[in-house]
Structure formats: C-alpha cells, structure tokens
Amino acid sequence: MKIKSAEFVLSNSDVAKCPTKNIPEYAFIGRSNVGKSSLINMLTSRKSLAKTSGRPGKTQLINHFLINEEWYLVDLPGYGYARVSKSAKKTFQKFITQYFALREQLVTGFVLVDIRHKPQPIDLDFMKWLGENGIPFSIIFTKADKLKPKAIENHVEDYKKILLETWEEVPNYFITSSSKDVGKEEVLEYIDSLNANMELD
Ligand code: GTP
Ligand code: MG
C-alpha cells in the first residue's frame, strides 16, 4: 500500500473526545519504549510524525493520525512504565482500556513486544484482556535489528509456545525493525486487506 498522506489530527486522554469520523482505525499498544511511535513513523515514511524518545513515557495521550484521508493510525501511551507516578499510571491504564473497550471504529489492535525479551506477564495479561473483551489484535515484534536471524527465530518460537498455553492458535504476528525498515510492507498490506474487507461489508 502506498502512503500518500499522513497527518496528525488530535491528541487527548478521553476516548469520548477522539475523532468522530467513522473510518477504520488501527492502534498500537505495548510497554513504554517498545517502539510504538517509531513504528508509526516507519509505516508512514515520516521521520517525526509521531514523537519518539529514548526515555520511556514519551507518548502520554491518545494520538490520531489520518492516513490517505481514509483511515486512522493511533499512537497510545505505553503501559508498565514504573517511573510514572502511581496515580498517573492508573490514569493511563484506565483511558487505555477505555479506548479499546469503547472505540467502535477500531478494526484491530497491534500489541508490540520487544523481540529481545522473554514473554513478559504484562504483555500476556494485556493480550488476555483484549481476548476476553473480544477485541482482535495482532502481535508486532519490534527491534529485530538487535538480534541475528537465528536468535529472532528462537525468540519467536519461545513466544509462540507461551502463547499456546493460553490461546488455541498463535495470533497473527509480524517481525519488524523501525530503524531498518523491516516488516513495513507486511503490516501495511495487512491493514490494506482489512480496509478492503470493511468496504465489502
Ligand atoms: P512511549 O511513547 O514512551 O510509550 O515509547 P514508544 O513505544 O512509542 O517507543 P519509541 O518509538 O519512542 O522508541 C523508544 C526507543 O526505541 C527510541 O530510542 C527509538 O529510537 C528506539 N527504537 C524504536 N524502534 C526501534 C527499532 O526497530 N530498532 C532499534 N534499534 N531501536 C528502536
Ligand atoms: Mg510513543
């Protein structure tokens, strides 16, 4: 899919104030610093459309980006960032879960996990919560440039094993590197196919 236009629309912490246009929407979620904002920049080929930082906790609001004037990409704050004060952390969690529970335009979520780490309870719990609430999601492994191909394979296999303890099937997944432009076409083609299905309904 070709990205002809990508523009920031608005940021807020209240799902009721998100854009009202009824067009397909895709959201990126995962631990702070996993690479959600960087992935949005890679997918859109815009270096600084979404704000990124080496320090966790950069994205603090729900950010909508309009793509090709037809669908939204949504950048969300990370979860599991211990240095955010407890009350702020709670707020994040509430508006994140409210976003997923209430946003009817959401076609699918993408849960990002750092390919270098063993499966983390917080990510598995978030996926479980999505499943229990009937919210479709795919997994996006990030930072694949940090591992050699064999290690990538091993880490993905380990992840699949853990997922199969909870899920009947392994969810759809992608292997990406925002710094090396890996996985871009695969994710965009997937979104394109979902957009096409929506139009058939
Ligand atoms: P929060 O907004 O704090 O939740 O973080 P985020 O998930 O949006 O992460 P962000 O995109 O800001 O990236 C965090 C750090 O990881 C930055 O220093 C990025 O440069 C780095 N990073 C992101 N993606 C990749 C990647 O694919 N490869 C490598 N090597 N670094 C990456
Ligand atoms: Mg971010």
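In this predicted model, the largest pocket holds about 380 Å³ of space. A total of 29 residues line the largest pocket, and those closest to its centre are Asn 33, Val 34, Gly 35, Lys 36 and Ser 38. Among the elements of the fold, helix 1, which spans residues 36-44, gives the most to this lining, with four residues. By residue class, the lining of the largest pocket comprises 16 polar, eight charged and five nonpolar residues.

The largest pocket is the space taken by ligand 1. Around ligand 1 there are 22 residues, of which Lys 36, Ser 38, Gly 57, Asp 145 and Ser 178 come nearest. The shell around ligand 1 divides into 14 polar, six charged and two nonpolar residues.

Polar contacts of the ligand were then examined for individual residues. Two of them involve the backbone of a serine: an oxygen atom of ligand 1 is 2.7 Å from a polar backbone atom of Ser 178, and an oxygen atom of ligand 1 is 3.1 Å from a polar backbone atom of Ser 53. A side chain takes part in the contact with Lys 143, where an N or O atom of that side chain is 3.0 Å from an oxygen atom of ligand 1. Taken alone, ligand 1 exposes 650 Å², and the protein buries 86% of that area.

Key. Residues numbered from 1 in each chain as written. Chains lettered and ligands numbered in written order. Predicted model: local features only at pLDDT ≥ 70, side-chain atom pairs only at ≥ 80, totals over all residues. Heavy atoms only, no water. Near = heavy atom within 4 Å. Polar contact = N/O pair within 3.5 Å; in protein donor to acceptor, adjacent residues only side chain to side chain. Areas by Shrake-Rupley, 256 points an atom, 1.4 Å probe, with all protein chains shown as cover. 1 Å grid on protein atoms, 1.4 Å probe; cavity = no way out; pocket = protein on both sides within 12 Å on 5 of 7 lines; lining within 4 Å. Sits in = over half its atoms within 2 Å of the grid points. Nonpolar A, V, L, I, M, F, W, Y, C, P; charged D, E, K, R; others polar. Points joined across faces, edges and corners; volume = space filled by probe spheres on them. Helix = DSSP H or I, 4+ residues; strand = E, 2+ residues; numbered from the N terminus.
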